[in-house]
Amino acid sequence: MKQQTPLNIRNTTARPVRILLGILFLLAATALPLAAFPPTFVLGGTAENIWSPETTSTLWIDLYGSGSGRTALDNGYVALSGSATASYSPAAFETGSGSFQDKEQLEGTLGLKSPGGLTVLQAGITSSIHNLLYGTVLEPEWSLRYSFQEGLPVAPYIRYDGYYLYQSDPAAGTEDRLSNSLAAGFEYDPSIRMGYRMEAGGRLELWQDEQLLDSAGNETGEHRRDIIGFTEVEVTGLAGYFADWSVLLDGGMIFSNDNRYLSDTGELEEKSADAAFGGIEGSISWGPTRELQLESLLYADFRRFLSRKARNTDGSLASEKLMKVDTGGSIQVDWTNDDIVYYILQVSGGRTFSNDPAYDSWHLGISGGVEFGF
């Protein structure tokens, strides 16, 4: 589920390795002499102010650029896209806290047709040289999907996804992990005005730095392992001639061997990450004229832990299991007079409801910016 994260605590997650970069540059080199569609480039900048209980008010300025291109092959296509963003807070910069961070993304796609369907291979990376929470971040990711597309009323597919997350700063948490998932689903598009997708699968996450604890709170050398079962249902549609919309529902269960030591009670809480989760997300995009584009997003995510207990306002353990509900959304307006310069205004916000005061929070953001398209 998409969530609007306050810019001052942005998570720069990442996904590649040198061999993946080699594959991506090879795809790019192959695409250049065969380009069937001209590449597109965007340069832009935004200023956003974020309000939250933790930071009161924070101004962030972003400068970014992105580009993409795609070429047709005899039996498929090749695509390459990338982006880079530099962000800083002037107030924090003046005080010497160094609130500057960056984010880079690169992704290559190879699609190949076969007699019975389409195979799509993707490889990419999201990285950050300096992330405020996690230091240097690298996250290579890869996926392989096969869709059965001939002679069937619906288009079933199977897919495999994987990623590896590396974060250099252990002070922000021990989140390094390797993830692999398998899923199967189908797509059904009875008309240009309506489409359906359903998917179910499982994921295995191996946490590289997070160790299990013994009854005294000491590390045992055994690492955390999460097994996740999930399902998704998505409906997309076209309203009239100028608006398209989508609704996505997801849910699942997390089963983990993770535990945590409660120093105030001297207890070891087993299976502290086991949880049930679910969510809904809706979006709509409306272009009443060629110059104007309106987009809105609403989301709600629910998570209830099966073993972890919430805490009261005074810090003591409550009798209830921890529960969180994240809600929020955004509204964005884009306007252009010449299809070259785009003016953007966005309002976003979110609220977390929880039976644990430590998780109960909110944020609100207002941003404006300019983009140049080439």
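How exposed is Tyr196? At 35% relative accessibility, Tyr196 counts as partly exposed, a class between buried (under 20% relative accessible area) and exposed (over 50%), using a 1.4 Å probe and protein chains only.

## Ground rules

This is a predicted model, where local features need pLDDT of at least 70, side-chain atom pairs count only at pLDDT 80 or more, and totals for chains, interfaces and linings use all residues. Residues are numbered from 1 along each chain as its sequence is written, and side-chain values use heavy atoms, with hydrogens and water left out.

## Aromatic pairs

Searching the whole structure turns up three aromatic pairs. To pair, rings of Phe, Tyr and Trp (its six-membered ring) need centres within 6.5 Å; planes under 30 degrees apart are stacked, over 60 edge-to-face, and the rest tilted. One of the pairs is Tyr146 with Phe148: their centres are 4.7 Å apart and their planes at 85°, so this one is edge-to-face. Tyr146 is partly exposed at 23%, and Phe148 is partly exposed too, at 35%.

Tyr196 has Tyr188 as its partner, with centres 6.1 Å apart and planes at 20°, so the pair is stacked. Tyr188 is partly exposed, with 35% relative accessibility.

## Charges over rings

Arg177 puts its charged end over the ring of Trp207, 4.8 Å from the centre. Arg193 does likewise with Tyr241, at 5.4 Å from the ring centre.

## Salt bridges

Side chains of opposite charge can pair when their charged atoms come close. There are 16 salt bridges in the count, each being a side-chain nitrogen of Lys or Arg within 4 Å of a carboxyl oxygen of Asp or Glu. Take Arg159 and Glu199, which meet at 2.5 Å, N to O. Arg159 is in strand 7 (residues 155-167) and Glu199 in strand 9 (residues 194-213), so this pair links distant parts of the chain, 40 residues apart; strands here are DSSP runs (E, at least two residues), numbered from the N terminus. Both Arg159 and Glu199 are buried. They also belong to a network of salt bridges that links Arg159, Asp161, Arg197, Glu199, Glu232 and Glu234.

Asp258 bridges to Arg224, with the closest N and O atoms 3.7 Å apart. That pair, too, links distant parts of the chain: Asp258 lies in the loop between strand 11 (243-256) and strand 12 (260-262), and Arg224 in strand 10, 34 residues apart. Asp258 is buried at 3% relative accessibility, and Arg224 is buried at 12%. Then there's Arg260 with Glu269, at 2.6 Å between the closest N and O atoms. Arg260 is partly exposed at 22%, whereas Glu269 is buried at 9%.

## Threonine contacts

Thr352, in strand 17 (residues 341-354), is buried at 16%. Its side chain joins that of Asp326 in a polar contact of 2.5 Å. The term covers N or O atoms within 3.5 Å; within protein, one must be able to donate a hydrogen and the other to accept it, and residues adjacent in sequence count only if both atoms are side-chain atoms.

Thr109, in strand 4 (residues 100-114), is buried at 8%. Its side chain makes a 3.2 Å polar contact with the side chain of Gln122.

Notes:
Lys NZ or Arg CZ within 6 Å of the ring centre and 35° of its normal. Helix = DSSP H or I, 4+ residues; strand = E, 2+ residues; numbered from the N terminus.
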